[in-house]
Amino acid sequence: MCRLFGMSSAPARVRATFWLVAAPDSLEQQSRTNPDGTGIGVFATDGRPVTLRQPVAAWQDHEFALEARDLESATFVAHVRYASTGGLSIANTHPFEQDGRLFAHNGVIQGMDDLEAELATEGPGLCPAVSGSTDSERFFALITREIRRRDGDVGAGIIAAARWVATHLPLYALNLVLTTPDGLWALRYPDTHELYVLDRPGGGQHLDHTGTDRSLRVHSQDLSDAACVVVASEPMDDDPRWRPMLSGEFIHVSPGHVLSSTVVLPDEPTYRLQLTDLHPEVAASQGAS
């Protein structure tokens, strides 16, 4: 299945010589089973979102890996894709950008005609433009609409959009990470795919670990001092502080290493899809390890 990664060290800016893209034996290993796109999103010092996206596996894109080594930001979002909907193109490669925010999603949402009809109720030009063909980008458009309706309240917008999808559309999973220059939000829903969180204090702890299955490697001199919160589809090392998020759990990381967590979707989706309900190619994307 696709892999999600998010990190906040805000307000401290750190270099991205780590997390998913730095070590040849990390993202390269993952991208061999998630070969349909690689992307990482950060924010420049002026708050401008910057994305590096290619519709190929990381191990095939050495230029991307070299560029990503030098990225510096207070928040990061990254994604390696196993395509379920939408062809292989930059437009369909995560993370996506809308209203200066970055977003990546892992899962499947069906009923795109219904979702597009809901977005169309806002009127021409009032919803963000969608350039690709994925369910993920359309879900992001719904989130953006709900944030606009709530005067920029990101958390309230995400929750409202997720609740609408959970009520009205067939879905398999809604796991997501959304970032701004100084904030990170993540949702796990329902319990289909795992999503983990690590609340890691600073204070001189050097970070240099390899996961037990070597699928991800972490190495960062910067984070020996900076505190951070990490969200990932799987524990990235053997740190015992990794914990699985609950189904329906929603977290927000604000500047100063402030982490809040609450269950916002305690009930099952109205139309929960099983793996057997999916087209074989889509099912393969969700079942791949």
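Strand names here follow DSSP runs, numbered from the N terminus, with helices being H or I of at least four residues and strands being E of at least two. Three bridges join β7 to β8, residues 101-106, and the two run antiparallel. Two strands count as paired if DSSP finds at least two bridges between them.

Before going on, the basis. This is a predicted model, in which local features need pLDDT of at least 70 and side-chain atom pairs count only at pLDDT 80 or more, while totals for chains, interfaces and linings use all residues. Residues are numbered from 1 along each chain as its sequence is written, and side-chain values use heavy atoms, with hydrogens and water left out.

Now the sheet. It is open, has six strands in the order β7-β8-β10-β11-β17-β18, and its pairing is antiparallel. Which strands stand at the edges? They are β7 (96-98) and β18 (258-263); each has a single partner strand, so one side of each lacks a neighbour in the sheet. From one strand to the next the twist averages 15°. Angles run from 0 to 180 degrees between N-to-C directions, and axes are lines fitted to C-alpha atoms, for helices over the stretch in contact.

Two helices go with this sheet. Helix α4 packs on it, touching β7, β8 and β10 (175-179), and its direction makes about 135° with that of β8. Contact means heavy atoms within 4.5 Å. Helix α5, residues 154-168, lies across β8, β10, β11 (184-187) and β17 (249-254), and runs at about 20° to β11.

Next, the aromatic residues. Rings of Phe, Tyr and Trp, the last by its six-membered ring, pair if their centres lie within 6.5 Å; planes under 30 degrees apart count as stacked, over 60 as edge-to-face, and the rest as tilted. By this rule there are two aromatic pairs. One is phenylalanine 103 with phenylalanine 139, edge-to-face, at 6.0 Å centre to centre and 80° between the planes. That pair links distant parts of the chain, with phenylalanine 103 in strand β8 and phenylalanine 139 in helix α4, 36 residues apart. The other is phenylalanine 103 with phenylalanine 140: the ring centres are 4.6 Å apart and the planes are at 15°, so this pair is stacked. Phenylalanine 140 is also in helix α4, 37 residues from phenylalanine 103. Phe103, Phe139 and Phe140 form one aromatic cluster. Buried means under 20% relative accessible area, exposed over 50%, and partly exposed in between, with a 1.4 Å probe and protein chains only.

On to the loop between α3 (112-120) and α4 (135-149), where proline 128 is placed. Proline 128 has a relative accessible area of 13%, so it is buried. Leaving out residues up to four places away in sequence, proline 128 touches Gln98, Ala141, Thr144 and Arg148. Its C-alpha is 8.7 Å from that of leucine 142, which is 14 residues away in sequence. Serine 131 lies in the loop between α3 and α4. Serine 131 counts as exposed because its relative accessibility is 61%. Beyond its neighbours within four places in sequence, serine 131 is in contact with Ala91 and Glu137.

Some backbone points. The peptide bond from alanine 10 to proline 11 is cis, with omega near 5°; proline 11 is in the loop between β1 (3-8) and β2 (14-15). Tyrosine 189 and proline 190 are also joined by a cis peptide bond, with omega about -20°. Proline 190 is in the loop between β11 and β12 (196-200).

Where is aspartate 99 found? It is in the loop between β7 and β8, and its phi is positive, about 50°, although it is not a glycine. Aspartate 99 is partly exposed, at 39% relative accessibility. Aspartate 151, in the loop between α4 and α5, has a positive phi near 55°. Aspartate 151 is exposed, at 77%.

Last, β12. Four of its five residues are buried. Five bridges join β12 to the antiparallel strand β15, residues 228-232, where valine 229 is the bridge partner of aspartate 199. With β16, residues 243-244, β12 pairs in the antiparallel sense over two bridges, and tyrosine 196 has proline 244 as its bridge partner there.
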